[in-house]
Structure formats: structure tokens, C-alpha cells
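Biologist: Before we begin, could we go through the labels one by one, and set each value against the rule behind it?

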Amino acid sequence: MAGLIEILMEPFMVRAMLGIVFSGVATLPVIFSSFRGLGYMPAEVSHAALAGAAVGVFLGGILNLGIDPLIFALAFTLLSTIPIARAGERAETGRVGVVLGSVLALSVAVYAFIKGMGSSEMAARIDGFLISDLLLLTWTDIALLALISIVTLFSILLFKKEFTYIVFDPEGASQLGLNVRFYTYFLFSLIAASGTVVARTMGALLVHAAIMPPAAIAMLLTKKLDRMLIASFAVALVFGMVGLLISAVIQLPASGTIGLVSSLAYMVLLLFKSRKS
Amino acid sequence: MSVRQANDTRSIGAESLTVAYDGNVALTDVTFRIKHPFFSVMLGPNGAGKSTLLKAMLGMMKPLKGSVQVLGFNPLVEQQKVRSIVGYVPQKERVSTEVPLEVRDVVEMGIQIRKGPPRVTTASDEKQSKTALEMVDSVELEGKRFNELSGGQQQRVMIGRALASNPKILFLDEPFIGVDPSAQRGIIVLLEELKAKRGISVLIVTHDFNLLSGHIDSVLLLNKKLISYGPATKALTPQALEEAYGPGTRVLSFGGACYILTGDTHHGRSH
């Protein structure tokens, strides 16, 4: 036990645990996008984070800008939300899907192009956003991720009603006087920011596995929105910690193990629920 | 009645209204005026521009040409005023039943949005939403989840939401889709009472005119333009119906009301 506590107190483990907390916050906007059938959106926009990180690493290497690639990743995901939100304003999931696919294709092209142009050290840094590892987070990462997560958390707490109204009935909300366009862009920006957070903590490849299961489990566990948001965060936290411990014990990559644990938990719960009904 | 009374505060209407949707002209040169309080229906085939006209009257769509007046207000210039006097019930399919809202949350939405941030629910809001639910005979549904209600109950709750801010006019876009026949009749009776007892005007966009025949006092018949308007017996002439729906459309008068028969009527059957 003392040995385990000692490991948990190691700075890299503390940073990994903080990364799990931030990933938990990132599941909150997903609840709202799921109501509109856009639960897959964070995973798709996280590929824009990958392209942004590639540009950031490349420019940082060539021009020595001294700007963290995470800033570029965030900027790219936020930019990608403009065409997505335009399509999403009318709640047309088909059109949103096409735009998301285009963002993904463009991002992968930029990522591959820049990776091919840069040095092997650059390529390794870029790949840190594709298959990231919680144990490799730096304090600079933690500071930036904390900032994004705090903004996300307070935005959800302050504008929960507005986000609920725009996903429930955008047309009615607009007629009643709500600025549906503003709140759609706002919500999609939070989703994009969350995609960036998880791309950094778990890797762009694992965004879906990291944030969809907690949100989906929360939606299975309760039918009240407030409880759903709390449950989503709690589930992400618990399975994140469990996955981290398992990975430490049996020497597996932390991010992948967390994604696997959450997904398995979701499948078990789904099986349990279907048998019960 | 003249349509040039631009500031008529006792009617709604449009003058030479042309509206485009997604780059295509959806309605051309629409001119009409209906006196408040009214119980009217907007009729026409798919793509006739019914919802477009409704949205133009709500200020949600900008006309290419012409203007709209709602009790003396221009929705584009005085959108806030029009919002305060018009309650809107959108098509059911545009409302997400995935969102886990209780009935009281849905009705309070009609009050909270008008208040502006931080939208804290007060005791007065709760009372107001309860009154709105009483108006639609649905107080017992207050604590139930909206997505677990029947189609008819959901529609009553949405009307309750529209009534929560004490509007003078209700606009309803296809309110009978997904609602069983007995609940449809219940909603019509409710809307009739709102007009008779509270003086609230009702304008319904629907495909199913026959359901409302005998209850309404005027019809707007559209197909990319306004074909006719006025009392159903005058507006729904065979020529007007043929212009709207194509050949084969008949109108049957019975007991002071008229009914539309579409499709093949040669063998005693119709749709």
C-alpha cells in the first residue's frame, strides 16, 4: 500500500491524475452534443487539434516561436467549429457529418504533409497528439489544460439552461428571443476545446474511447440532466483512475487502458440494463 | 378589407410579401389581412410556403420584398414586441425528445428565455408556469418527463409553453402530426376555448384541413403565392383548390362546414 501511495505521489503520476480530471470535465459538453445526435463530434474535431499541433510543432521548429503546440491545436479546433456550427445551426446532422468528415480529411492531410517535412524529433512531438500518454504530460501542459477545463466547467455551469434550450428546440428558443446562433457557436467551441484537451491527455486516436463511454454511461444511469453531468464527470474520474492503476501494475499504456476500461464498463452496463428490461 | 392600414393594431397581415428560403423564392407577392381575434388555418401542399410565411410573421425570416404586420408591429423592426405578443409552437419533429427535461422545465423555458441571463427560476415563474399548464389542462403532468408523454400530451405542454408569457396570438406549425385522433380533437377544443374565453388568436399551419373544418373562421390557401383567403366556404372554391393541389381536388359542403377531397374520386373513394 505504502509503495502504491509512493508511486501515486510521483510528479508524473500527479500530472496524469490531473489529466484525468481535465478529461472528466471534457465529457460535459459531450452530453449536450449527444442529445442532438452529435456525440461523435469531439472525436472528429480532435483531428483538427492534431493538424494544429503539427503546424505548431513545425513553426516552432523552423521559426523558434516559443508558442506551445497546444495553443495551435486549440486554435485549429476552434476554427474547425465555424463550418460545423453553421451546419449545426439548423440541426442538420447529415450536413454536420459531411463537414466533420472534411475537417478530418484536411487535418490528416496537413498532419501527414508536415510530418513528412520535419525532423524525426518533430514527428515524435506531433505523434504525441495522435497517441498521447498521460504519464508524459508536462507542467506546461497541465497549466494550459487547467485553464481550458476551468473555462469549460464554468461555461457549462453558467449557461446550462441556454445549452439545454438550443439542443431541445432551437427554433422555439429562437422565437422566444434566445440568440441560438451565439450559443450554438459557444457550445461547439466548448466541444472543440474538450476535444483538444483529450487529444493532449489521451491522444486524438483515443478521444472517442475516452469521453464517449463516461457520457453514455451517465445517460444510462440517470434521466436528470444535472445528475447526468455529475455522473459523467464522476465516471470519467473513477474509470480514469482505475485504468491508470491497472496500467501501472501491468505495464500498459495508461491512455489506452483507460479507454478500454471505460468502454468495457459501458458494455457491461448495457448488457445488465438490457437483461433487466 | 383594405390592406393599406399599415398600423392596424387589431389585425395581422402581409403586403406584397416575397420571401426566399435557401436562395429559392418560397413565396411571392402575398397580401392579406385577418382581424384579431381569429381562428385561422394556413393550408397548401408540401413546399407551398406555409412555414415560411409563419416564420416571416415571427421575424425569423427576412423578406426579399414587402412587409408583415402583427397587431401593428413590424416583426423585423420590432422583433421583441412581436415576440411578446406571439406564442409559437414549432413542428414536433424539430424538438429533440432526447433531452431529459421535465414538463415544468419545458413550460418554464417560455418564461426563462424572455427574462435573459442568469435565468434563475423564481416562485413567480413557478406560479406562472403552473397557470400555463392549467390553461392546457395538464397540471398533473408537471413533474413528468416530457419525452415519456404521448404525442397529444407533448403538444399540450408545448402550447402551455407558448401561453406561459401571456401572448395575444398563437402560431402552431403542424400541431397534429404524431397526435392520435381523440387528442387532436381535444387540442382543437382547447384552442377554440382560448379564443372564445381569453381572446387569443390562433393560426395553424396544417395539411389536414378537414380536422379543423367547422371550427375555424378563415383560411389562407397557399402554393408559392396566396391563392385565396377568407371564410372557408368562400376561399376554398374548386378553382382555388385545383390551383393549389392540382386536378382532382374536390370540396364538399356539409352542415355549414366544407371538406376537401383529394385524389381519385371517380369510384366513390377519396383521400
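Modeller: Let us start with A:Ile114, which is buried, with a relative accessible area of 8%. Please keep in mind that this is a predicted model.

Biologist: Why is A:Ile114 called buried?

Modeller: Buried means under 20% relative accessible area, and A:Ile114 has 8%, so the word applies. This residue is found in helix α6 (residues 93-117) of chain A.

Biologist: Which residues does A:Ile114 touch, not counting residues up to four places away in sequence?

Modeller: Contact means heavy atoms within 4.5 Å, and by that rule A:Ile114 touches A:Ala54, A:Val55, A:Phe58 and A:Ile126. As for A:Ile126, it is twelve residues from A:Ile114 along the chain, and the two C-alpha atoms are separated by 9.1 Å.

Biologist: What makes A:Ser80 buried?

Modeller: The cut-off is again under 20%, and A:Ser80 has a relative accessible area of 7%, so A:Ser80 counts as buried. It lies in helix α5 (residues 69-88) of chain A, and, leaving aside residues up to four places away in sequence, it touches A:Val45, A:Ala48 and A:Val103.

Biologist: How do you know that α4(A) is largely enclosed by the rest of the structure?

Modeller: We look at its residues: 17 of the 23 in α4(A) are buried, and therefore the helix is described as largely enclosed. Helix α4 covers residues 41-63 of chain A, and from its first C-alpha to its last it reaches 33 Å, close to the 33 Å expected at 1.5 Å a residue. Just after α4(A) comes A:Asn64, with a positive phi of about 55°.

Biologist: What makes α5(B) mostly covered?

Modeller: Twelve of the 13 residues of α5(B) are buried, among them B:Gly151, B:Arg156, B:Met158 and B:Leu163. This helix, residues 151-163 of chain B, reaches 18 Å from its first C-alpha to its last, close to the 18 Å expected at 1.5 Å a residue.

Biologist: Why does A:Thr138 count as partly exposed?

Modeller: Buried is under 20% and exposed is over 50%, with partly exposed in between; A:Thr138 is at 37%, so it counts as partly exposed. Its place is in the loop between α7 (120-130) and α8 (139-168) of chain A. Although A:Thr138 and A:Arg15 are 123 residues apart along the chain, their C-alpha atoms are separated by 7.3 Å.

Biologist: Let us turn to chain B. Is B:Ser96 buried or exposed?

Modeller: B:Ser96 is at 7% relative accessibility, and the cut-off for buried is under 20%, so B:Ser96 counts as buried. It sits in the loop between β5 (86-89) and α3 (103-115) of chain B.

Biologist: What makes the approach of the side chain of B:Ser96 to the backbone oxygen of A:Phe35 a polar contact?

Modeller: A polar contact is a pair of N or O atoms within 3.5 Å, one able to donate a hydrogen and the other to accept it. A polar atom of the B:Ser96 side chain lies 3.2 Å from the backbone oxygen of A:Phe35. The B:Ser96 side chain also reaches the backbone nitrogen of B:Glu98 at 3.2 Å. Apart from residues up to four places away in sequence, B:Ser96 touches A:Phe35, A:Arg36, A:Val167 and A:Phe168.

Biologist: Why are B:Arg119 and B:Glu174 called buried?

Modeller: B:Arg119 is at 5% relative accessibility and so counts as buried, and B:Glu174, with a relative accessible area of 6%, is buried too. B:Arg119 has a positive phi of about 55° although it is not a glycine, and B:Glu174, also not a glycine, has a positive phi of about 45°. The place of B:Arg119 is in the loop between α3 and α4 (123-135) of chain B, while B:Glu174 lies in the loop between β6 (169-173) and α6 (181-198) of that chain.

Biologist: What is the volume of the second largest cavity, and how do its lining residues divide?

Modeller: The second largest cavity has a volume of about 50 Å³, and its lining divides into five nonpolar, three polar and no charged residues. Among the lining residues are A:Ser23, A:Met202, A:Pro214 and A:Ile258.

Notes:
Residues are numbered from 1 along each chain as its sequence is written. Chains are lettered from A and ligands numbered from 1 in the order in which they are written. This is a predicted model: local features need pLDDT of at least 70, side-chain atom pairs count only at pLDDT 80 or more; totals for chains, interfaces and linings use all residues. Side-chain values use heavy atoms; hydrogens and water are left out. Helices (H or I, at least four residues) and strands (E, at least two) are DSSP runs, numbered from the N terminus. Buried means under 20% relative accessible area, exposed over 50%, partly exposed in between (1.4 Å probe, protein chains only). The expected span of a helix is 1.5 Å times one less than its number of residues. On a 1 Å grid over the protein atoms alone, a cavity is a set of points where a 1.4 Å probe fits but cannot get out, and a pocket is an open set with protein on both sides within 12 Å along at least five of seven lines; lining residues have an atom within 4 Å of a point. Grid points are joined across faces, edges and corners, and a volume is the space filled by probe spheres set on the points. Ala, Val, Leu, Ile, Met, Phe, Trp, Tyr, Cys and Pro count as nonpolar, Asp, Glu, Lys and Arg as charged, and the others, Gly among them, as polar.
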